[in-house]
Amino acid sequence: GHQARHDSANSARPGAAQAMGRALVTQVSTRVSFLIILMVCLLPTFSLVTYPEADWSLQVWTEQFAQLFVQGAPPEEVLLLIDDLVDFYVQLGVLASAPVRLSMLDAVSGQEK
């Protein structure tokens, strides 16, 4: 009698273990899916702050120089814009300040003479 009761308890355990296993797999897969969705949504927001998708600065600077020349601006205004351009790219870490500034100023002052 005692052995039969023990066998029936053991036969009930595999069903309970399978149910618990399915519940565990469901919980884990749900959490992993949620984390993946969260990463897909949140990670691109961090890269937006660090680096722009497209750099339009060269086009903007070119348009500003073109506008000055079309307006017939005096050389002093062109020099100020060159100074702003160099400062902009130096702050970005793209240019080293002194050599570029001198070569640009030499080019403009050479045209004046």
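Exposed means over 50% relative accessible area, buried means under 20%, and partly exposed lies in between (1.4 Å probe, protein chains only). This is a predicted model, in which local features need pLDDT of at least 70 and side-chain atom pairs count only at pLDDT 80 or more, while totals for chains, interfaces and linings use all residues. Residues are numbered from 1 along each chain as its sequence is written, and side-chain values use heavy atoms, with hydrogens and water left out.

**The whole chain**

- The protein chain has four helices and zero strands.
- From the N terminus on, its elements run α-α-α-α.
- Helices (H or I, at least four residues) and strands (E, at least two) are DSSP runs, numbered from the N terminus.
- The protein chain has 113 residues, and 11% of them count as buried.
- Take the contacts between residues at least 6 apart in sequence: 33% of them join residues at least 24 apart. Contact means heavy atoms within 4.5 Å.

**Helix α3**

- Helix α3 covers residues 75–92, which makes 18 residues.
- Its end C-alpha atoms are 26 Å apart, which agrees with the 26 Å it should span at 1.5 Å a residue. The expected span is 1.5 Å times one less than the number of residues.
- Which residues of α3 are buried? They are Val 78, Leu 81, Ile 82, Leu 85, Val 86 and Tyr 89.
- Seen down the axis of α3, these buried residues fall within an arc of 140 degrees, so they line one face of the helix. The arc is that of the directions from the helix axis to the C-beta atoms.
- An α-helix has 3.6 residues a turn, so residues three or four places apart point the same way.
- Asp 84 also lies in α3. Asp 84 is partly exposed, with a relative accessible area of 43%.
- Gly 93 follows α3 and has a positive phi, near 85 degrees.

**Helix α2**

- Helix α2 has 15 residues and reaches 21 Å from its first C-alpha to its last, close to the 21 Å expected at 1.5 Å a residue.
- Its buried residues are Ser 57, Trp 61, Phe 65 and Leu 68.
- They cover an arc of only 70 degrees around the axis, which puts them on the same side of α2.
- The face turned away from this buried side carries the exposed residues Thr 62, Val 70 and Gln 71.
- Gly 72 follows α2, and its phi is positive, near 70 degrees.

**Where α2 and α3 meet**

- The buried residues of α2 pack against α3.
- Val 78 touches Phe 65, Leu 68 and Phe 69, not counting residues up to four places away in sequence.
- Asp 84 and Trp 61 are 23 residues apart in sequence, and their C-alpha atoms are 9.6 Å apart in space.

**The nonpolar core**

- The largest nonpolar core has ten residues, among them Trp 61, Phe 65, Ala 73 and Leu 85.
- The elements that give two or more residues to this core are α2 (57–71) and α3.
- α3 gives the most, with six residues.
- A nonpolar core is a set of buried Ala, Val, Leu, Ile, Met, Phe, Trp, Tyr and Cys residues joined through side-chain atoms within 4.5 Å.
- In soluble globular proteins, nonpolar side chains tend to be buried together.

**Aromatic rings**

- Rings of Phe, Tyr and Trp (its six-membered ring) pair if their centres lie within 6.5 Å; planes under 30 degrees apart count as stacked, over 60 as edge-to-face and the rest as tilted.
- By this rule there are two aromatic pairs.
- The rings of Phe 88 and Tyr 89 have centres 4.9 Å apart and planes at 85 degrees, so this pair is edge-to-face.
- Ring pairs link Trp 61, Phe 88 and Tyr 89 into a cluster.
- Phe 88 is partly exposed at 31% relative accessible area, whereas Tyr 89 counts as buried at 8%.
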